[in-house]
Amino acid sequence: MIPELDYAFYVWTSYGLFAVIMVWQFIQPRLRRRRILAELREELALQSGNYDDPNA
Amino acid sequence: MIFHRLKVGFHRLGSPPTFHKLCRVLSPWLWAGFLLCAAIGLYYALYVVPPDYQQGDSYRILFIHVPAAWQAMASYVIMAILAAIALIWRIRTVEIMTMAAAPVGAAFTALCLATGSLWGKPMWGTWWAWDARLTSMLVLLFIYLGIMGLYAAFEDRRKGARVACILVLVGLVNIPLIHFSVEWWTTLHQGATIRLLGESRMHPSMLPPLIWMTIGVKLMFGAAMLDRARNDLLEQDRRKNWIRQLIGESA
Amino acid sequence: MTPTRKKRLAIVALLVLGVGAAAAVAFTALNDNMLYFVSPTDVHAAAAPEDKQIRLGGLVAAGSVQRDPDSLSVRFTVTDGRHDVPVSFEGILPDLFREGQGVIAHGRLNQDGHFHANEVLARHDENYMPPEVMKSLESAGHPPEASKQ
């Protein structure tokens, strides 16, 4: 199934790097978005007075 | 009439809620388009196209390297156009988009340099050479990183964006330098294979993966830039009412 | 466009033009330093100083490669079609090194015009095609035009 290529190490490392960078560009903004939203929800809950303090 | 409607559309994009919605709606479609193009492109690149008469299978790195290089430069041109609009009209969403383009362009530049190195070692016999093409591409990476650093260094986001936008325009001079480096000076890197004017130097049977990958990374650039812009907007406007409403709806 | 925006547009245009002009002047002045290699013609014109490390670039002349069977020593001629420079090298050559292909040798030129290389890099051209296409082109007598070096 996997094609047998000359210079396999160089070719597969290049394609692997491509995959890693694309996945990273997809995931990173989504993780950051989740973090921002969680912070904002916490802030809103604090202000509206129905905040469950996990440390209480 | 058409001009007027364009103008209205342009101004509406300046409105944060409209812009946020646009990012949210467009991003999944662009990512899906990228996945489709990349799947077709990778299949052609690894299974369908024949090996090269000189370089064997190592030339398959080209199908990653060249689209990445083109996108690294195209991203910069797009970023510079956005920077000029941002500086002249002072539209905040455009400033945010300009700054969101930099990390994506930097990623493509890094990918281009890394794959170039992986191609250079077996073919040229070296990972790196300080010729005009390779050096100007490395300079592009540093310019991208400089823009990101400058933007991050300011407490006032808008001020940071404006200062970084000026750096974007200064760095624009590097783009023709990269393109013409192989013509103006002697370099280890070979000249252009694909030419807009005149005949290309690649056999037509090898072109399909290059075309698919090039379209794919263009869509991906748009998607990744909008994702980042949306986050930046969210963070800047966290105390504003429209964000509160938005969170209220989604919660 | 409001007058303020017109003024900003002028500033942006001036900035881009100014930086472009400065870069053009700088790189014209630095032109010789931007060259990665010199051609055999440059060497013959004595543009390349003797006993200084230089990079010599050109095509490996057809039929010129002589390998020493007992060591890694190799001799070949680098040509640009007008002038030839004999090169000697000891070491492993890159995979793409072959007669008729581009090459860049880093080393010193002797008084007698002989080039001693301590590093040899292969340079490939901008043509890509499948092996069968190359064969049929050759049999038809139309090999691809060599790239300019």
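Visitor: How many of the nine residues of helix α4 (residues 131-139) of chain C are buried?

Guide: This is a predicted model, and what follows is computed from it. A residue counts as buried if 20 or more other C-beta atoms lie within 10 Å of its own. Helix α4 of chain C is hardly covered, and its count of buried residues is zero.

Visitor: Which residue with a positive phi follows α4(C)?

Guide: The phi in question is near 80°. The residue that follows α4(C) with this value is Gly141(C).

Visitor: How far apart are the centres of the two domains of chain C?

Guide: Chain C is divided into domain 1, residues 3-33, and domain 2, residues 36-139. The centres are taken over C-alpha atoms, and their separation is 40 Å.

Visitor: What percentage of the residues of chain B count as buried?

Guide: The C-alpha trace of chain B spans about 65 × 40 × 35 Å along its principal axes. Among contacts in chain B between residues at least 6 apart in sequence, 76% join residues at least 24 apart. Of the 251 residues of chain B, the part that counts as buried is 47%.

Visitor: Which pair of chains shares the most contacts?

Guide: No contact joins chain A and chain C, whose closest C-alpha atoms lie 11 Å apart. That leaves two pairs of chains in contact. Of these, the pair that shares the most contacts is chains B and C.

Visitor: Which helix gives the most to the side of chain B that touches chain C?

Guide: The contact takes 36 residues from chain B and 33 residues from chain C. On the side of chain B, α3 (62-89), α4 (92-123) and α6 (157-171) each supply at least two residues. With four residues, the helix that gives the most is α3(B).

Visitor: Which helix gives the most to the side of chain B that touches chain A?

Guide: Here 30 residues of chain B are in contact with 23 residues of chain A. The elements of chain B that give two or more residues are α2 (16-48), α4, α8 (207-236) and α9 (241-250). With nine residues, the one that gives the most is α4(B).

Visitor: How many residues of the side of chain B that touches chain A are charged?

Guide: The residues of this side include 18 nonpolar and four polar ones. The number of charged residues is eight.

Visitor: How do the residues of the contact of α3(B) with α6(B) divide by type?

Guide: The crossing of these helices is left-handed. α3(B) brings Met79(B), Ala80(B), Ala83(B), Ala84(B), Ala86(B) and Leu87(B), while α6(B) brings Ala161(B), Arg162(B), Cys165(B), Val168(B) and Leu169(B). They divide into 10 nonpolar, no polar and one charged.

Visitor: Is Tyr7(A) buried or exposed?

Guide: Tyr7(A) lies in the segment before α1 (8-48) of chain A, and its phi is near 50°, a positive value in a residue other than glycine. It has 22 C-beta neighbours inside 10 Å, and the cut-off is 20 or more, so Tyr7(A) counts as buried.

Visitor: What does Arg90(B) count as, with 16 C-beta neighbours inside 10 Å?

Guide: Arg90(B) is in the loop between α3 and α4 of chain B, and its phi is positive, near 55°. A residue is buried at 20 or more neighbours and exposed at 12 or fewer. Because 16 falls in between, Arg90(B) counts as partly exposed.

Methods:
Residues numbered from 1 in each chain as written. Chains lettered and ligands numbered in written order. Predicted model: local features only at pLDDT ≥ 70, side-chain atom pairs only at ≥ 80, totals over all residues. Contact = placed C-beta atoms within 7 Å. Left-handed = near helix turned anticlockwise from the far one by under 90°. Nonpolar A, V, L, I, M, F, W, Y, C, P; charged D, E, K, R; others polar. Domains from an automatic or database assignment.
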